[in-house]
Amino acid sequence: VQLVESGGGLVQPGGSLRLSCAASGRIFRINTMGWYRQAPGKQRELVARIGSGGLTDSADSVKGRFTISRDNAKNTVYLQMNSLNSEDTATYYCNANLRKTGSSWYTDYWGQGTQVTVSS
């Protein structure tokens, strides 16, 4: 199973970015998909996550600015980030809690990370 992220980069304060993460491999079912971030010297933190039925949860710091969505047919999760500020600068990691084909349990998988830098 692989999670491949895209969409990071450099953006000015107030700008927008859209992150994508596609899961591939021998996947039976995906439960929750989400985005986490880690800034230098800080712990990794939840940004937003979405269940298979569309129920979402997000950090207070991004409410009203970031929107998470997913396409179950494509095993893909998106993060639309608006009104970005310097505190959003971090490496963003995709996470999927999924069950592989032939397996009986769910396991967390992580992407390699994509850098988001907000700077003028």
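Contact, as used in these legends, means heavy atoms within 4.5 Å. The model is predicted, so local features need pLDDT of at least 70 and side-chain atom pairs count only at pLDDT 80 or more, while totals for chains, interfaces and linings use all residues. Residues are numbered from 1 along each chain as its sequence is written, and side-chain values use heavy atoms, with hydrogens and water left out.

**Figure 1. Overall view of the predicted protein.** The secondary structure comprises zero helices and 11 strands; helices (H or I, at least four residues) and strands (E, at least two) are DSSP runs, numbered from the N terminus. The C-alpha trace spans about 50 × 25 × 25 Å along its principal axes. A compact globule with 120 residues would have a radius of gyration near 14 Å, and the protein agrees with this at 14 Å; the radius is taken over C-alpha atoms, and the globule rule is 2.2 Å times the number of residues to the power 0.38. Of the 120 residues, 40% count as buried, where buried means under 20% relative accessible area, exposed over 50%, and partly exposed in between (1.4 Å probe, protein chains only). Among contacts with a separation of 6 or more, 55% are between residues 24 or more positions apart.

**Figure 2. Close-up of the largest nonpolar core.** A nonpolar core is a set of buried Ala, Val, Leu, Ile, Met, Phe, Trp, Tyr and Cys residues joined through side-chain atoms within 4.5 Å. This core has 28 residues, of which Trp35, Val47, Phe66, Val77, Leu79, Met81 and Tyr92 touch the most other members. Strands E3 (17–24), E4 (27–38), E5 (45–50), E7 (66–71), E8 (76–81), E9 and E11 (114–118) each supply at least two of its residues. The largest share, five residues, comes from E9. Not counting residues up to four places away in sequence, Leu79 touches Leu17, Arg18, Leu19, Trp35, Val47, Ala48, Phe66, Thr67, Ile68 and Tyr92.

**Figure 3. Close-up of the disulfide between Cys21 and Cys94.** A disulfide is a pair of cysteine sulfur atoms within 2.5 Å, and by this rule the count is one. The bond joins Cys21 to Cys94, with an S to S distance of 2.1 Å. The link is left-handed, with -80° about the S-S bond. Because Cys21 lies in strand E3 and Cys94 in strand E9, the pair ties together parts that are 73 residues apart in sequence. Both Cys21 and Cys94 are buried.

Figure 4. Thr91 is found in strand E9, which covers residues 90–100, and counts as buried because its relative accessibility is 19%. Its side chain makes a polar contact of 2.9 Å with the side chain of Gln115. A polar contact is a pair of N or O atoms within 3.5 Å; within protein, one must be able to donate a hydrogen and the other to accept it, and residues adjacent in sequence count only if both atoms are side-chain atoms. Leaving aside neighbours within four places in sequence, Thr91 is in contact with Tyr36, Arg37, Gln38, Gly113, Thr114 and Gln115.

Figure 5. Thr101 is placed in the loop between E9 and strand E10 (107–110). With 35% relative accessibility, Thr101 counts as partly exposed. Apart from neighbours within four places in sequence, Thr101 is in contact with Arg26, Ile27 and Phe28. The C-alpha atoms of Thr101 and Arg70 are separated by 21 Å, and these residues are 31 residues apart along the chain.
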